Amino acid sequence: MSPRILLESRDLVKRFGGITATDHVTFSLPEGARHALIGPNGAGKTTFINLLSGVLTPTSGEIFLDGANVTHWSARKRAHAGLARTFQINQLFADLTPIETLMLTIAEREGEGASWWRPVGARTDFVDEAVALLAQLGISDIAHHRVGQLAYGKQRLLEIAVALAQKPKVLLLDEPAAGVPEHEREQILDVVAALPKEVALILIEHDMHLVFRFAKSISVLVNGGLFVEGTPEEIANDPRVRQVYLGEEDVHV
Amino acid sequence: MSAITPSPEATRARAVLLGRSRWGVAEIIFWILAFACYWLFPTKLSLLSEIAILGLVALSVDLVLGYAGIVTLGQGAFFGIGAYAAGLAAKHGMGTTLWSDPVIGLFIGGGAAAVIGFATSFLVLRGSDMTRLMVTLGVALIVDEVVNQMKWLTGGSDGLQGVLPSAVLGIWEFDLFGRVAFVYSLVVLFVLFVVARALVKSPFGLSLQAIKGNMLRTRAIGMPVNARLVAVYTVAAFYAGVAGALAAQTTQFASPDYVAFHRSADAMLMLVFGGAGHLYGGLLGSIIFRTMQDVLGNITPQYWQFWLGVTLVALVLFVRGGILGLLGNMLAAWRRKGGAS
Amino acid sequence: MFRRQILKSIGVAGLALATGISAASAQEVVKVGLILPMTGPSASTGRQIEAGVRLWMAQNGTTVAGKKIEIIIKDDTGAADQSKRLATELVVNDKVAFLAGFGLTPLALAVGPVASQAKVPAVIMAAGTSTIVASSPYFVRTSFTLPQNTAPMAQWSAANNIKTVVTLVSDYGPGLDSEKAFKAEFEGKGGKVLDTLRAPMMNPEFAAFLQKAKDLKPDALFLFVPSGQGASLMKQVGERELAKAGIKIIGTGDVTDDDQLNGMGDALIGMITSHNYSAAHDSPENKAYVAAFLKANNNMRPNFMSVGGFDGMAAIYKALEKTKGDTDGTKLVEAMKGLALVSPRGPISIDATTRDITQNVYVREVKKVDGQLYNVEFATIPNVKGSN
Amino acid sequence: MLTILLDGIAYGMLLFILAVGLCVTLGLMNFINLAHGTFAMAGGYLTITLMQKAGVPFLWCLPAAFIFAAVLGLVLERTLYRHLYDKTHLDQVLFSIGLVFISIAVVDYAYGANQQIVNLPDYLTGRFSFLGASIGVYRVFVIAICGLLVVSLQLVLTMTRFGSRLRAAVDDGRVARGMGIDVTRIFAVTFAVGSGLAGLGGALGTGIISFDPTFPLKYMIYFLIVISVGGTTTITGPFLAAILLGVADVAGKYYVPAVGGFIIYTIMVVVLIVRPQGLFARAAAK
């Protein structure tokens, strides 16, 4: 029986004045997917992610999350329904510490966000989960430092940790390794690879090595439209993609 | 999640997190000193109860501005509403019925302010700092107009006459020397401070700091941002209302001056003086601000405002985060130099 | 953590801020606590009263019935909660035998409860609303009341074929008091008050109200504003050319306040007002008073507020003489009841039952007298009671 | 009825000249300068001093007030305001409130607390009536001067290079800097001119409104209303807002004195919520 479709867009369009950033994109993401979204700069990748996650509202078309029509849901409601994302530019709480950020996210997920009488840290189960997540991401050492003063790479890892703390069904990763120095990129890739199987992943990435090592399926976006979709091998050998995007560099699978 | 036995990191993490909310030695000393003022400054009790009331208003601004990041120039409106509500209760209770008991008056004052706070909280959810500044200012001006026009109820610009609160809890009568007033104000401040402290150290308080930090991320992790802002704005309005009630009961008077612009401006100045977002910033700010005003007022009665203006400009230009921020930086610099830790 | 160190240092600082406990007061000194608005909109009132008080003490020495008189001046900036706090501190810390001053009605009302509780006589040298004295048995007034100053104006208007009047007053205690008194007296004499306009106390823009009065075409426009606002009101009256429209301008002396009259320009000449004091009052006591006042205050002309202060000190001195220096509050108030003395404004007395002031009220016209504008009195209504 | 309208328009025009400087500084540098009233007060008190003490004719006081306030604005901008552009709105608000307190205390010290008045020259007093309504000569004078200023401001903005550069900088400072426009210099000049206009407005105001040391606080609320209703991206927005406010204020006091102030503040709050960028401004690009 074909795997359950967790995230789906039908004929999705987004226009900013005259510019069509998303051009009738129909797309579906099955359970456990490891899907990469690639395309030249300005192809509308981040816009598409913002549409899926509710940061932007579409001009037309619909979005379905686990079967429910979430087109008009707020980002908050979609987050609660199991859709998490990281941001291309770090969006973290500068004054808080990593452990506090995770405790906050877990508390919101469990509906404990508004509990005002007991201090943060009273829920031992939350603390244990947060500490485990930090360990999983390998950033236990900076658990109590102010996020504002963390190294850029550590912040990227924290972005992923926060998304994971939401226990999502679908995870949208917007260039998780962007701007991260070479030696730390491997760490991020290992983390992404080790993500739980049942979570469906979309990865936006420019670095083809990462894409081909990670992705089980790839979509190529050009000028806001879905240019071509397929397995890594099909995409690598497809002349149109090569001509539009990959240029002459030969790609070994 | 596998229930792993608490690893060393987990126990350390819990210790650090819970450590944030444990009562420090300095905090305990601060409150002992505050209550000791009863014996230390027997002749200055009415000034001290005024400082306690101003501290409560600064605390209410701290919740909204320091923690949730909402710029407000309208907390004076809730202070005034609280003062008039409690004043009217005391006046019509005529010291006889239950209604004129000051403690009930506090809830009437705080409650009335909270209702108006809740109603106007939706106005400050969206908009930039500038819009929020002007909306809160506009609300305060409207309350001022209403108080001035409803002469039959509020006594108009002459103020509310005949406010006769009965004895606190039926036991302590307000004495001329301001002893009861001082202890009463300080106890109310302490109780509300403890509640605010718990609030700020709780997940709710953490979520406020998150909202102030990054609105986009708070929405991405599913936080009902508007509900939180409405809640904190209403609680802050309650705090300012109780402060107003205290003022009306201890001075047995309420006037439109309670709602004037300078009340809201003073509250914000005191907070920033002390250091916003430190919870003690407001209290520290009100002590220094009001003492400076009293001392300077006696030397050069006319120009307290001049020195206030100069200190303010200097504060903004040279100091980040008020006195507590300044002390924090100095200590951090001292520690870095001395390599003490 | 750094937090612990900081708060410890604050505790120590708190102690250092302790202002010294006030010196114990020797029995032979009698202190008078003067609470005046030295800053803010009614600062001119504070300045005039202080000058009147100092002039009386300069002329009558500082010892009465063997007791040395000492005055302590406190600025309440015109805010009622400050007046109350200062009154409490004066009574509790400085152990004053008299409280005095009170520039505006709300400031006096705020101090009433303190005077009653502490049984200290409070001499009202300025505030004019009639209901104040009744609010505390320890209030005694040496200034004036609005009905007292307003009623004669209504009587004069009715007697001088003024049939219809529009009243414009500042929207606060004394203003409403004078409006009510004028309307009662004027309509009692058969006159008709077409409309009662009220200008907000906060930013007093009179243009719209004056235009409304002009459109109603009354025989006369009655005005009342607190001292200090008279100048800008009269400028706007001139600008609106009400006189040209055949409307006579009348009001209480607060509008043509001696403190500002000279700066208001000649458009004022001919304006009729009624008040309890004019610097041009023709009596030997007043001539000496004005001369001494001008000399002592580099040519600042005394106004009705200054005589409130001057006569207030007189009442305090006389009361102490009567009780032979006994500073028991109740005895002092008893001593002041029925007190009669000749003031620069004319004969005054403290009514035994109401403790309010009874005095002559004069109808005067603004005239230029050797280069300066004065309110020249031309009719006297003797012994008008303060409040009944 | 017409008289009230004309009074309202004169008052509105005056408010515009007083507030336009603030609209531009807020629009251009996103700087909340609550102390803008101080420059208007400077112009007003300079006029009072020149006329009362030095007997300078009223007409000469106007340019003098403009220059004095402009220089004051330039000096303050170059010494103090400069350090605050990158600070938060809260710091800017506190800084400007501090300045307001200083200016109130200084004027209180120098001139005393009571209201100052100015005796206008004869040719500017008196009234004349037409079509059944009467209007003060001085108010016509104010309408004429302010009308002239509005037109010239509009011309400067639309026709001159400086104007186009200023509008570019208002629209998007970053892009303007990218195109090589020296935004800081433009701001310094605009701030000075804005303050000068406020000073001129203050001088003109001595004939209509009363001046006392608390002027900057009393009129700060009116300036804020003009900005919030008029928006900061155009000149016509604040102009129309000022006229609306002037007429509403005068008419309010004439017809419904009890609720006059109430209406104006409610309008401000409603506009702020419904159209945060201002009633007349097009949707703010930023």
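Select chains D and B together: between them they bury about 3,400 Å², 84% of it on carbon and sulfur atoms. Buried area here is the accessible area, taken with a 1.4 Å probe, that two parts lose on being put together, summed over both. This is a predicted model, in which local features need pLDDT of at least 70, side-chain atom pairs count only at pLDDT 80 or more, and totals for chains, interfaces and linings use all residues. Residues are numbered from 1 along each chain as its sequence is written, chains are lettered from A and ligands numbered from 1 in the order in which they are written, and side-chain values use heavy atoms, with hydrogens and water left out.

**Stop 1: chain D against chain B**

Colour the side of chain D that touches chain B. α4 (89–111), α9 (215–230) and α11 (260–274) of chain D each supply at least two of its residues; helices are DSSP runs of H or I, at least four residues, and strands are runs of E, at least two, numbered from the N terminus. α4(D) gives the most, with 16 residues. That side of chain D divides into 29 nonpolar, six polar and three charged residues.

In total, 38 residues of chain D are in contact (heavy atoms within 4.5 Å) with 34 residues of chain B. Zero salt bridges are found across this interface; a salt bridge is a side-chain nitrogen of Lys or Arg within 4 Å of a carboxyl oxygen of Asp or Glu.

**Stop 2: the other chains**

Now show every chain. Among the four pairs of chains that touch, the most contacts are between chains A and B. Chain A and chain C do not touch, and their nearest C-alpha atoms are 14 Å apart. No contact joins chain A and chain D either; their closest C-alpha atoms lie 13 Å apart.

**Stop 3: A:R85**

Select A:R85, in strand β6 (residues 83–85) of chain A. A:R85 is buried yet has no salt bridge, and the nearest side chain of opposite charge, A:D174, is 4.0 Å away. Buried means under 20% relative accessible area, exposed over 50%, and partly exposed in between (1.4 Å probe, protein chains only). Residues that A:R85 touches include A:L171, A:L172 and B:R217.

**Stop 4**

Go to A:D11 in strand β1 (residues 5–16) of chain A. A:D11 has a positive phi of about 55 degrees although it is not a glycine. At 40% relative accessibility, A:D11 is partly exposed.

Finish at B:Q252, in the loop between α11 (225–251) and α12 (261–274) of chain B. Phi of B:Q252 is near 50 degrees, also a positive value in a residue other than glycine. B:Q252 is buried, with a relative accessible area of 19%.

Note on methods:
Lys, Arg positive; Asp, Glu negative; His and termini not counted. Nonpolar A, V, L, I, M, F, W, Y, C, P; charged D, E, K, R; others polar. Lists of a residue's contacts leave out its neighbours within four places in sequence.
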